[in-house]
Amino acid sequence: MAKVLAISGSLRAASINSAFCRAAARLAPPSLQVEVFAGLGTLPLFNPDQEAAPPVAVDAFRMAVGQADALIIASPEYAHGIAGPMKNALDWLVSFEATVGKPIALVNTSPRAHHAYDSLHEVLQTMSTCIVAGASTSIPLLGACVTEDAMVNSAEVSQAIRATLNALASHLQG
């Protein structure tokens, strides 16, 4: 069974991206074990001076990323850019060797917010990760489908989430 770490770039309690990550964990096929990373808000601001002896929260984050066979990243867009918590987390991973070649499903939960998705794609490419094209997609989750339960119970949305997960599973098996 492949381990997948789902990371939401939002710290908001009612985050659609966090709800997506939790729904993905519930809808994962038997070949994937999806764990949602809950410690994004505990990461200190990136400081290259701390690379030699990273803070405990950074070590825990890096360990979770390193132990995962793949990542799912779902992050909001703020002012046409990457959400600060997500960019900060990625900055802590730039020099972390376990991210090189790491398969990533990049998910955009608000297709009209393409600037952050495009920027995340660029940053992740620069970090030498492996963005899995078939598992990276936009799934419109605005309106009535903004909670984990609504996503799981919506035939259309749950099918889209399963398609993303199946594409990631296929990549990992292949």
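View 1. S128 sits in the loop between α4 and β7 (130-131). Helices (H or I, at least four residues) and strands (E, at least two) are DSSP runs numbered from the N terminus. The backbone is worth a look here: phi of S128 is near 65°, a positive value in a residue other than glycine.

A quick note for all the views: this is a predicted model, in which local features need pLDDT of at least 70 and side-chain atom pairs count only at pLDDT 80 or more, while totals for chains, interfaces and linings use all residues. Residues are numbered from 1 along each chain as its sequence is written, and side-chain values use heavy atoms, leaving out hydrogens and water.

**View 2. Helix α4 has its buried residues along one face.** The helix runs over residues 114-126, 13 residues in total, and spans 18 Å from its first C-alpha to its last. That is close to the 18 Å expected at 1.5 Å a residue, where the expected span is 1.5 Å times one less than the number of residues. Which residues of α4 are buried? They are A116, Y117, L120 and L124. Seen down the axis of α4, these residues fall within an arc of 100°, so they line one face of the helix; the arc is taken from the directions from the helix axis to the C-beta atoms.

View 3. Look for H80 in the loop between β4 (77-78) and β5 (81-82). Is H80 buried or exposed? With a relative accessibility of 54%, H80 counts as exposed.

**View 4. R22, R26, E148 and D149 are linked in a network of salt bridges.** A salt bridge here is a side-chain nitrogen of Lys or Arg within 4 Å of a carboxyl oxygen of Asp or Glu, and by this rule the count comes to 5. One of them joins E148 to R26, with the closest N and O atoms 3.0 Å apart. That pair links distant parts of the chain, as E148 is in helix α5 (residues 148-153) and R26 in helix α1 (residues 16-27), 122 residues apart. R26 meets D149 in a salt bridge as well, at 2.7 Å from N to O. D149 lies in helix α5 and R26 in helix α1, so this pair ties together parts that are 123 residues apart in sequence. As for accessibility, E148 is buried at 19%, whereas D149 is partly exposed at 43% and R26 is partly exposed at 44%.

View 5. D91 is buried, at 19% relative accessible area, while K87 is partly exposed, at 32%.

**View 6. The model holds 2 aromatic pairs.** F37 and F61 form a tilted one, 4.9 Å centre to centre with 50° between the planes. F37 lies in the loop between β2 (32-36) and α2 (56-67) and F61 in helix α2, so the pair ties together parts 24 residues apart in sequence. Both F37 and F61 are buried. The rings of F46 and W92 have centres 5.0 Å apart and planes at 80°, so this pair is edge-to-face. It links distant parts of the chain: F46 is in the loop between β2 and α2, and W92 is in helix α3, 46 residues apart. F46 is partly exposed at 30%, whereas W92 is buried at 0%. For these labels, rings of Phe, Tyr and Trp (its six-membered ring) pair if their centres lie within 6.5 Å, and planes under 30 degrees apart count as stacked, over 60 as edge-to-face and the rest as tilted.

Technical notes: Buried means under 20% relative accessible area, exposed over 50%, partly exposed in between (1.4 Å probe, protein chains only).
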